[in-house]
Amino acid sequence: MSSHSAMNAHSGPPEQGRSRLNAMAWYSIAGSVLIAAILVYHVLSHHEPSHGHHELPALWGIGILPFVGILACIAFLPLIRWTEHWWESNVNRLGVALSFALLTLVYYLIVRGPSSLGLVLDHAILKDYIPFIVLLFCLYVISGGIALRGDLAAHPITNTGFIAVGAILASFIGTTGASMLLIRPLLQTNSERKHVMHTVIFFIFLVSNIGGTLLPVGDPPLFLGYLRGVEFFWTLGLWKPWATCCVILLVIYYLWDTYLYKKERPEDIQLDETQKEPLQLTGGINLLYLAGIVAAVAFIVPGKTFPLLGFEVFPFLREMVMLALVAISLKTTPPGAREFNQFNYAAILEVAALFVGIFIAMQVPIEVLNSKGSALGLTQAWHFFWATGSLSSFLDNAPTYVVFFETANAMTTEAGPEVMTLTTGDFIRENLLIGISLGAVFMGAMTYIGNGPNFMVRAIAEQSGIKMPSFLGYLFKYSIPILIPVFAVIVWIFLV
Amino acid sequence: MLKRILVALSGTPFTPVAVKHAVELARRYDAVVTGVTLIDLKRIHVVGAVPVGGGAAAQALRGHRTDLIRQRIEEEIERFESVCKEAGVHYQLAHETEDTFTKLCDLWRYHDLTMIGLRGLFEYEVIKNPDDMVARLINRRVRPILAVAEDYRPIRRALVAYNGSMGSAKAMKRFVRMGLWPDAKVKIVVFNRDDEAEQLLSDAADYYHVYGYDDVETAHVRCASPREELLKQAAAWESDILVMGTQSKMHLLKHVLGSMTTQALRHAEIPLFLTQ
């Protein structure tokens with residue numbers, strides 16, 4: 001005779017929570033409208049664009065608090081029991097981001113007066129946020145329409161090949177795009193093997209991070225550098241450290257996978273050899289659209305001549321072209337491709353919600369660094385590599401890159417040997433820029449939170465049944481022991 | 001007297017062995033077996049720090065873990081019911097989802113013996129096993145506990161760790177008075193305590209004789225580390241179960257001094273019978 005006690009059901013959010021969400025939505029709308037109104041007024045008033053302030057803003061110690069605050073919220077609110085579910089809503093994230101943005105605007109209103117608000121938003125939104133988020137959106141949506149299916153035999157050479165291809169592709173379609181495209185077929189290929197965790201980890205290292213080095217579309221911080229005047233093809237010059245790092249890591253991975261392949265059970269290997277399916281690409285037309293995105297970023301430059309047609313490119317024409325490519329992609333992609341990728345807009349909406357606040361709040365630290373950057377004591381390329389990289393490991397690498405870029409920019413005030421002239425007319429020591437670029441991109445691989453796709457790949461792997469290490473396990477058992485020595489070699493060869 | 005046994009259907013490799021021991025004892029003593037499953041959503045939903053853009057992935061991961069655990073719980077329940085029905089023992093089920101640890105301790109109040117695995121508790125092979133989950137249960141004074149190993153072995157030889165302390169005396173007495181394995185051969189071991197070891201062993205053996213254990217072995221072991229020597233002694237004697245007391249502040253002592261029980265929990269390959 002048995003009795004069965006009642007199951008306790010997990011209860012949903014209370015009614016009160018829903019009305020709070022609605023209030024937050026209205027608040028977010030109001031904040032967005034206010035910011036947009038200031039911008040529109042600024043644009044219609046035909047204010048002269050400012051090249052930025054180089055004097056230290058008054059009360060800057062208070063002015064940087066919103067930037068610190070928003071980064072702290074991003075880092076800690078998902079971890080605190082009372083806010084972890086609340087933070088899952090993009091409306092709430094936008095509300096928080098706008099709150100810090102508005103605090104920054106209030107700061108400028110006080111220290112510089114109402115006329116400064118338009119200038120701040122001009123820099124933060126028109127020049128940074130809109131191009132940034134449109135590029136990320138376009139890469140995200142278009143690459144989301146490319147689906148790669150298949151199950152190859154999971155030999156070490158095959159796995160190494162997968163990761164190597166990803167490390168090249170990432171520079172052209174973005175680290176997130178390359179990661180989402182390749183992780184599922186790689187996991188499917190390895191589905192019969194027991195030892196797979198190391199494959200995912202090296203995938204994170206190379207495809208989700210280091211691979212995105214060669215073009216500004218490869219990784220968001222490099223695009224921000226492009227917006228700040230770094231020539232589009234300059235990052236191709238980083239091919240030597242990129243290739244060296246990739247080769248070293250691929251060799252380490254190949255040897256590691258070869259060792260573990262021999263430890264697989266014979267019946268699993270046999271299953272792997274017999275259960276095969278050739279690679280099939282759906283939505284391949286989107287590769288063409290991605291090439292269009294790259295071309296748009298490279299050649300449609302505001303203020304310059306439009307290629308072939310000869311007219312001057314007006315502001316946001318590039319963004320319009322990219323969005324048109326997205327519309328075409330949505331229209332022409334076969335239906336199953338995005339479903340296979342479990343595509344949804346949640347991730348890009350989250351980025352859009354948070355970065356509006358980050359870019360506005362970031363304006364004060366940028367001004368501080370423009371004025372006092374040299375006081376940080378960073379003078380060498382390898383200083384910038386490790387400083388940028390250390391912060392990029394734990395904070396989003398895009399604002400981290402900007403912070404150190406502005407520091408290096410402020411340190412270089414005139415042309416000279418080893419000084420690069422940016423398209424904006426400003427100057428930067430090229431070796432420092434190399435250190436910053438490599439640090440921001442490479443060291444995003446150090447933790448699950450160093451770059452967005454790191455966590456996404458981890459989540460997809462876990463959902464496929466692979467036991468991934470914890471945050472600290474990944475850091476202390478894998479990224480520190482493997483990547484730090486490799487990066488030390490890169491720094492020694494190319495930056496010292 | 002054994003009338004109610006609580007067994008954790010944890011979804012770990014130890015669970016089938018815990019169920020087997022529980023059913024065996026239930027048959028012998030006509031006891032009711034309660035299979036308890038827990039979903040600790042707070043533990044399951046801990047995915048660590050999440051980067052910008054990773055929120056949706058984190059939610060998907062949490063949802064996946066919850067679904068997987070629910071599925072594994074259903075499988076565990078099915079297996080448990082099948083084993084109980086086959087053995088013809090009375091059983092019941094309990095399922096908790098909120099404040100799970102407290103609920104488990106509440107259930108213990110009305111059961112005579114609690115069975116868990118030596119390592120791991122309610123992970124269902126979905127989330128990592130934090131070392132201290134079993135220790136937390138012990139810290140909450142849930143006693144007696146039979147913490148089983150991954151491999152089943154009938155209990156024929158019992159090694160009793162005794163050092164004359166109140167805790168180990170209570171453990172020794174509880175084991176013999178519960179009489180769960182009356183036919184088991186017993187060996188009592190005292191580590192160090194040179195001044196009184198022989199007296200302790202003699203008194204303990206006499207106590208066991210009163211309860212019908214005629215052939216009790218005793219041993220006085222001198223060693224630098226009783227924590228490590230205990231498991232060696234158990235292996236050497238081919239013991240099927242280890243009987244020991246636990247200290248009340250296990251957490252603190254584990255970190256400050258290191259405890260014999262913690263060592264045993266981490267490294268034992270045979271069941272532990274843990275009491276006061």
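These entries record what I looked up on one helix pair and on the aromatic rings of a predicted model.

I worked with local features at pLDDT of at least 70 and side-chain atom pairs at pLDDT 80 or more, while totals for chains, interfaces and linings use all residues. Residues are numbered from 1 along each chain as its sequence is written, chains are lettered from A, and side-chain values use heavy atoms without hydrogens or water.

**Aromatic rings**

I searched the whole structure and found 31 aromatic pairs over all chains (ring centres within 6.5 Å; planes under 30 degrees apart are stacked, over 60 edge-to-face, the rest tilted; for Trp the six-membered ring is used). I looked up Phe202(A) and Tyr253(A): their centres lie 5.3 Å apart and their planes meet at 50 degrees, so the pair is tilted. Phe202(A) sits in helix α8 (residues 197–206) of chain A and Tyr253(A) in helix α10 (residues 239–262) of chain A, so the pair ties together parts 51 residues apart in sequence (helices are DSSP runs of H or I, at least four residues, numbered from the N terminus). I noted both Phe202(A) and Tyr253(A) as buried (under 20% relative accessible area; exposed is over 50%, partly exposed in between, with a 1.4 Å probe and protein chains only).

I then took Phe232(A) and Phe233(A), whose centres are 4.9 Å apart with planes at 85 degrees, so this pair is edge-to-face. Phe232(A) is buried at 4%, whereas Phe233(A) is partly exposed at 44%.

**Helix pair**

I recorded that Leu105(A), Tyr108(A), Leu109(A) and Arg112(A) in α4(A) meet residues of α5(A), including Leu117(A) and Val120(A) (contact: heavy atoms within 4.5 Å).

Note on methods: Helix = DSSP H or I, 4+ residues; strand = E, 2+ residues; numbered from the N terminus.
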